[in-house]
Amino acid sequence: MAFRSQNKPPSSSSHNKYGSDKISEGKRPRIGTTKTPLDTGIRVRKAFTDITGGQDLPPMSGSTSDCGSECGVIEFTKEDVEALLNERLKIKNKFNYKEKSEQMADCIKRLKQCLKWFQQLEGNYVIEQEKLKTLLEEAEKRSNDMECLMKAKEDDLNSIIMELRSNLEALEVNFAKEERDKLEALDSLAREKDCRLAAEKLQASISEELKRVQDDNAAGIQKIQTLNDMYKRLQEYNTSLQQYNSKLQSELQATNETLKRVEKEKSAVVENLSTLRGHYSSLQEHLKSSKASQDEATKQKEALASEVTSLRGDLQQVRDDRDRQLLQVQALSSEVVKYKECTGKSIAELDHVTSKTNELESTCLSQSEQIRRLQEQLAFAEKKLKLSDMSAMETRSEFEEQKTTILELQNCLADAELKIVEGEKLRKKLHNTILELKGNIRVFCRVRPFLSDDEVGTDTKVVSFPTATEALGQGIDLAHNGQKLSFTFDKVFMPDASQEDVFVEISQLVQSALDGYKVCIFAYGQTGSGKTYTMMGKPGLFDQKGLIPRSLEQVFETRQILQAQGWKYEMQVSMLEIYNETIRDLLAPNRTGVDARPENSGKHYYAIKHDAHGNTHVSDLTIVDVRSSKEVSYLLERAAQSRSVGKTQMNEQSSRSHFVFTLRIMGCNESTDQQVQGVLNLIDLAGSERLSKSGSTGDRLKETQAINKSLSSLSDVIFALAKKEEHVPYRNSKLTYLLQPCLGGDSKTLMFVNVSPDPSSVGESLCSLRFAARVNACEIGVPRRQTNLLRSSSDSRLSIG
Ligand SMILES: Nc1ncnc2c1ncn2[C@@H]1O[C@H](COP(=O)(O)OP(=O)(O)OP(=O)(O)O)[C@@H](O)[C@H]1O
């Protein structure tokens, strides 16, 4: 029993999770290498303990042998066995054989016991070995099974791994996508963060604004309360105003009706006039043909008369010849008589004389015959002359008749034209009234004719004029990129419009300056489109004078007429140019030529200031008192010499600056004690041009940039006014700041948009027309007449608007 427990193979096997026995490495029996306790030298104390009932026995004591036969198996340790084998007999007396044999018997007994134990142990080991062998076989079998199982499992696992790998790849793709999405999400998150920050800022500013608005609101509520009281009072006032307004409306309606009526009358008169014109032209043609036939008759008469005179001369000559020959005949006859009497003469001589006499007689006869023929001819010619005289008389009487008819017709025509002019005047007046009520800047468009430098011959006409009655004289069509763009303005002048035609349209406006209005006329357009031609005209050519000289002539003529009604006027002129954002005084005394520029002296600053009355002052600007248009013409010539002009690719003589002419009119009527203050601003703007087109470089480029900047400031101002923005950027350029009262104030403003018909300028023309259309839609307020008292002369001398 003790042995079994000693050698029992360690029950180290346990069931693993696959159901097979798993033997731990440390506990597995070492088959074939199993060492006995003797091999290992381990003292198997337990065996002795079991045998001795828990008490340690002394090593190899004699009691071992006693118990050997009784107890069966005694276990030995290696030391026991070694001690047993090395044991020496302890004999005190080597001849004591008894003791010796006893000791030897004892030793043998123990040796036997030991041997027996070994044998038993060996048997046990063999059994154990057998057992272990079967166990090993089982384990090997199990291991093979396990191996198969493992292989199947491995295959399974491989397929699972493959599947997992493909899953992994898909997952990796997904992952990359997710990664990208994540990055995008991070980006958008960052953006959102920025937005959020901006929104927070905005919110903060809005909150501030809100606070301010709330404060304003509180103040407003208070104001409302006070205004409510005022409102009640105003309502009463409003009712009265409404009544007045309805009266005005009905007046306006009546005026509109009158306008319509006048328009109708005008069209009737125009129709009448055209028929009269037709009649007149047919009569003119008739008259022309009559005149031609009369001229023919007169010529014939004259030819006949000259023929008669020459015939008479011939006749006279023939008569003289005849007389002379008769005298000769007479003399010869008397000579013949004398010869007959003188018998001493030879007969031959006599014959000669006779033959000569005969000859002369025959000549006389032929001449008589010629005279007779000539007399007949003369009679015939005289008859013819009489006849042509009679026909000339007839033609003259007919001509006289036609002359009276023409005179009558001309009177009729004059009447009709007078009616038209009056109708036109009325129409203009009404139109003016309507415009004043509308408060718009008026826009006239002028298209210049083709010039020799233009791209003529390219058959494509880019500018055309609609012929429909409603757009007649007011519409312009521009062909651009295959599209027809239509624009309508207050007036459109075609290329054949003369300077006089244009002036007629603005003369009313010029008149307004004398009536005490601020008037501003400016010309806008691309370079070379005819701005200077429109404003100044061509120097030295009477019929090509521009608006400025014509306006001045009208102002001074009207001043003369108004003198009879008690009006006395004082006029002052100033002229300046804005060149590269710098003001230049064109009438400065030291300016004799282009180079004598005051800014070179560095003394003048020409600061622009506006006073509370909307008058503009330019410090240091030369103001000249003028009494006649001739004086002004002289000043204009002086200014023209000082103006900055240059040559560009677009124009030989291009204005490189904005030219501002100002005529200040101060009038007072002694009989009525009325005083008026008007201003006439006539402005020739520098031409708008694209840098690429102008071909500018160096200083010219700088000029072009300055021009474009100020013109774009002008459009910014116009657009801000059109949109009724709170802030109008007048101060962005000298030009807009100078024109502030004209653009946004109470003046009558007219803009000319000059357009070139050249197909290569179509882009520029479109820009100009679009700008003009915006200007046309722009409300600047209602013009006011300045009838207040004149300020001190020194003050007014500085005012330009
Ligand atoms: N209506 C017209 N009839 C005849 N000739 C004209 C007319 N308009 C312009 N011209 C001619 O066209 C040319 C250019 O005109 P102008 O100098 O007036 O242009 P501009 O717009 O003032 O140019 P810039 O802005 O460069 O000064 C000139 O030779 C001028 O005589």
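The points below cover the basis of the model, an annotated site and a cavity.

1. This is a predicted model, in which local features need pLDDT of at least 70 and side-chain atom pairs count only at pLDDT 80 or more, while totals for chains, interfaces and linings use all residues. Residues are numbered from 1 along each chain as its sequence is written, and side-chain values use heavy atoms, leaving out hydrogens and water.

2. An unreviewed UniProt entry lists a "binding site" at Gly525, Gln526, Thr527, Gly528, Ser529, Gly530, Lys531 and Thr532. Do keep in mind that such annotations may be inferred rather than shown by experiment.

3. Gly528 sits in the loop between strand S8 (518-525) and helix H9 (531-535); helices (H or I, at least four residues) and strands (E, at least two) are DSSP runs, numbered from the N terminus. Gly528 counts as buried because its relative accessibility is 18%, the limit being under 20% relative accessible area with a 1.4 Å probe, protein chains only.

4. Lys531 belongs to helix H9 and is buried, with a relative accessible area of 5%. Beyond its neighbours within four places in sequence, Lys531 is in contact (heavy atoms within 4.5 Å) with several residues, among them Tyr524, Asp684, Gly687 and Asn754.

5. Which helix gives the most to the lining of the second largest cavity? Helix H13 does, with four residues. A cavity is a set of points on a 1 Å grid over the protein atoms alone where a 1.4 Å probe fits but cannot get out, and lining residues have an atom within 4 Å of a point. The lining includes Tyr579, Arg656, His658 and Glu703.

Note on methods
Buried < 20%, exposed > 50% of the residue type's maximum accessible area, 1.4 Å probe, protein only. 1 Å grid on protein atoms, 1.4 Å probe; cavity = no way out; pocket = protein on both sides within 12 Å on 5 of 7 lines; lining within 4 Å.
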